[in-house]
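Me: I am new to this structure. Please show me how to read its features one at a time.

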Amino acid sequence: MAEMTKEYLVPAEDIAINKALFDQKAYTLPEDVTVYVTPSGNDFSGDGSSVAPYRTIQAAINALPRHLGGHTATIDIAGGTYEERINIEGFSSGKLIVGQPQRSVAVRGVNVVNSDHVTFNIPNVTWASGFSGTIFYVGFNSSVALASDMTVRCAGSTEVGIGVTQASNLTANGTMVTVLNCERSAVLATYGSNVALTTIAGSNNTAAGLVSERGSILSYTTATIASTVGNVARMGGR
């Protein structure tokens, strides 16, 4: 029997070639890894490899260890609409890349909590009527970068298109963000957060456009966003 190692807690030769299959509670990512997702994949029989991809983005996220060990985990998502709100929580000590540039990918929502160095290449985030909350949420000391243009579409009773809260950061340098049809605000920065956009656009937002409050900073280079109230800075927001 092979010697048990402190890093893996299992014999080294027994570790799967696909490093994404590590138990997220017990392991640290030992090297860069790519996990594959396609609409024709399978969350049960798939292993996240290019020949046996997962069907949902969430399955790929759940397969990864939360401690990335200074490495990069890339989720390679094939073009298509994924009927899921993806949840990313507790990732640290590395970089998580969700999606590849120039892919036509749509999801129903994004939730990032307590995670740093998360990069998104997802061009469409849309929710159907009946959802009330934030479509693209970044919270609790998270840091997120948008590496591709992104459109967020609100509908029905949706309140906020993009919400960044609890000392979190969202950057979109060199990309265009479009927010449509939100009933409360298109972009909200609150509780000591920082949002730095290059180009922000949108229409049919029936309340505020850009809102910065509670010590947050929301900056942009160009803004052409239509809303009923306009942009708002309050309670120490800038």
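Me: What should I know before I start?

Reply: This is a predicted model, where local features need pLDDT of at least 70, side-chain atom pairs count only at pLDDT 80 or more, and totals for chains, interfaces and linings use all residues. Residues are numbered from 1 along each chain as its sequence is written, and side-chain values use heavy atoms, with hydrogens and water left out.

Me: How do I read strand pairing, and in which sense do β2 and β4 pair?

Reply: Helices (H or I, at least four residues) and strands (E, at least two) are DSSP runs, numbered from the N terminus. Two strands pair if DSSP finds at least two bridges between them. Here β2 (residues 72-77) and β4 (residues 95-98) pair in the parallel sense, over four bridges. Thr-72 stands opposite Lys-95 in β4. β4 also pairs with β6 in the parallel sense, over three bridges. There, Ile-97 stands opposite Thr-119 in β6.

Me: How many residues are in the largest nonpolar core?

Reply: In soluble globular proteins, nonpolar side chains tend to be buried together. A nonpolar core is a set of buried Ala, Val, Leu, Ile, Met, Phe, Trp, Tyr and Cys residues joined through side-chain atoms within 4.5 Å. Buried means under 20% relative accessible area, exposed over 50%, partly exposed in between (1.4 Å probe, protein chains only). The largest core has 53 residues. Leu-96, Val-98, Phe-120, Phe-136 and Ile-162 have the most contacts inside it. Helix α1 (residues 57-63) gives the largest share of this core, five residues.

Me: What does Ile-162 touch?

Reply: Contact means heavy atoms within 4.5 Å. Leaving aside neighbours within four places in sequence, Ile-162 contacts residues including Phe-136, Met-150, Leu-170 and Val-187.

Me: Is Ser-185 buried or exposed?

Reply: Ser-185 counts as buried because its relative accessibility is 2%. Ser-185 sits in strand β13 (residues 185-189). Among its contacts beyond four places in sequence are Glu-159, Gly-161 and Val-211.

Me: And Arg-238, buried or exposed?

Reply: Arg-238 is at 63% relative accessibility, so it counts as exposed. Arg-238 lies in the segment after β18 (230-234). Not counting residues up to four places away in sequence, Arg-238 touches Ser-212, Ser-216, Ile-217 and Leu-218.

Me: Which phi values does the backbone show at His-117 and Asn-204?

Reply: Most residues other than glycine have a negative phi. His-117 is not a glycine, yet has a positive phi of about 55°. His-117 is in the loop between β5 (105-113) and β6 (118-120). Asn-204 has a positive phi near 60°. Asn-204 lies in strand β14 (residues 194-205) and is partly exposed, at 49% relative accessible area.
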